[in-house]
Amino acid sequence: MTTFGQPPAEPASPQTIILDIQEKDSRIEATLHSEETLLIRVGGNPTTGYSWQIAGNSDPTILSSQGEIDFEPGKQGLLGAPGTFLIRILGIREGQATLELTYRRPWEKDKPALRTVSIDIHVLKSAE
């Protein structure tokens, strides 16, 4: 809580918006404010050789990927079990951009992706 005339005790941290992509999803929409992070969670299994990749970003001045795509294992103790890929996207400024994700084996560049998801992301002015 901020009291008038006093600075906050610690700097405000950007908010994270979570977007869970389901197996049936191929085109979805998301909304966030500039300086917020969109955490995209999508299932997969890297032991099959497949991984999620950012195949396209229609406007890098609006959206920016943050760090590497992480993998969170599913059922603990089960080798080769599927889990969740975590993709972090920062809203930079107000506008609209489309992010395209593909689920493919990196070495199979001539084959179509096993799965593609397009996310239309609307970035609004900062919530301040």
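R27 counts as exposed, because its relative accessibility is 53% (exposed means over 50% relative accessible area, buried under 20% and partly exposed in between, with a 1.4 Å probe and protein chains only). The model is predicted: local features need pLDDT of at least 70, side-chain atom pairs count only at pLDDT 80 or more, and totals for chains, interfaces and linings use all residues. Residues are numbered from 1 along each chain as its sequence is written, and side-chain values use heavy atoms, with hydrogens and water left out.

**Overall composition**

- The protein contains zero helices and nine strands (DSSP runs numbered from the N terminus, with helices being H or I of at least four residues and strands E of at least two).
- Along the sequence, the pattern reads β-β-β-β-β-β-β-β-β.
- Of the 128 residues in the protein, 34% are buried.
- The accessible surface comes to about 8,300 Å², and carbon and sulfur atoms account for 52% of it (Shrake-Rupley method with a 1.4 Å probe; for residues, only the protein chains shown count as cover).
- Among contacts between residues at least 6 apart in sequence, 67% join residues at least 24 apart (a contact means heavy atoms within 4.5 Å).

- Four strands form an open sheet in the order 2-9-8-4, and the pairing is mixed (two strands pair if DSSP finds at least two bridges between them).
- Strand 2 and strand 4 are the edge strands, each pairing on one side only.
- From one strand to the next, the twist averages 30 degrees (axes are lines fitted to C-alpha atoms, for helices over the stretch in contact, and angles run from 0 to 180 degrees between N-to-C directions).
- Seven bridges join strand 2 and strand 9 in the parallel sense.
- A30 stands opposite I121 of strand 9.

**Salt bridges**

- Side chains of opposite charge can pair when their charged atoms come close.
- The structure holds seven salt bridges (a side-chain nitrogen of Lys or Arg within 4 Å of a carboxyl oxygen of Asp or Glu).
- R27 and D120 form one of them, with the closest N and O atoms 3.1 Å apart. Because R27 lies in strand 2 (residues 27–33) and D120 in strand 9 (residues 115–124), the pair ties together parts that are 93 residues apart in sequence. D120 is buried, at a relative accessible area of 12%.
- D59 forms a salt bridge with R93, the closest N and O atoms being 3.7 Å apart. D59 sits in the loop between strand 4 (51–57) and strand 5 (63–65), and R93 in the loop between strand 7 (83–91) and strand 8 (95–104), 34 residues apart. R93 is partly exposed, at 39% relative accessibility.
- In the salt bridge of R88 with D70, the closest N and O atoms are 2.8 Å apart. This pair links strand 7, which holds R88, to strand 6 (residues 70–73), which holds D70, across 18 residues. R88 is partly exposed at 28% relative accessibility, and D70 is partly exposed at 33%.
- R105, E108 and K111 belong to one network, joined by salt bridges that share partners.

**Aromatic pairs**

- A pair of aromatic rings is described by the distance of the centres and the angle of the planes.
- There are four aromatic pairs in the structure (rings of Phe, Tyr and Trp, the last by its six-membered ring, with centres within 6.5 Å; planes under 30 degrees apart count as stacked, over 60 as edge-to-face and the rest as tilted).
- The pair of F85 and Y103 is edge-to-face, because the ring centres are 6.5 Å apart and the planes stand at 75 degrees. F85 in strand 7 and Y103 in strand 8 are 18 residues apart, and both F85 and Y103 are buried.
- Ring pairs link Y50, W52, F71, F85 and Y103 into a cluster.
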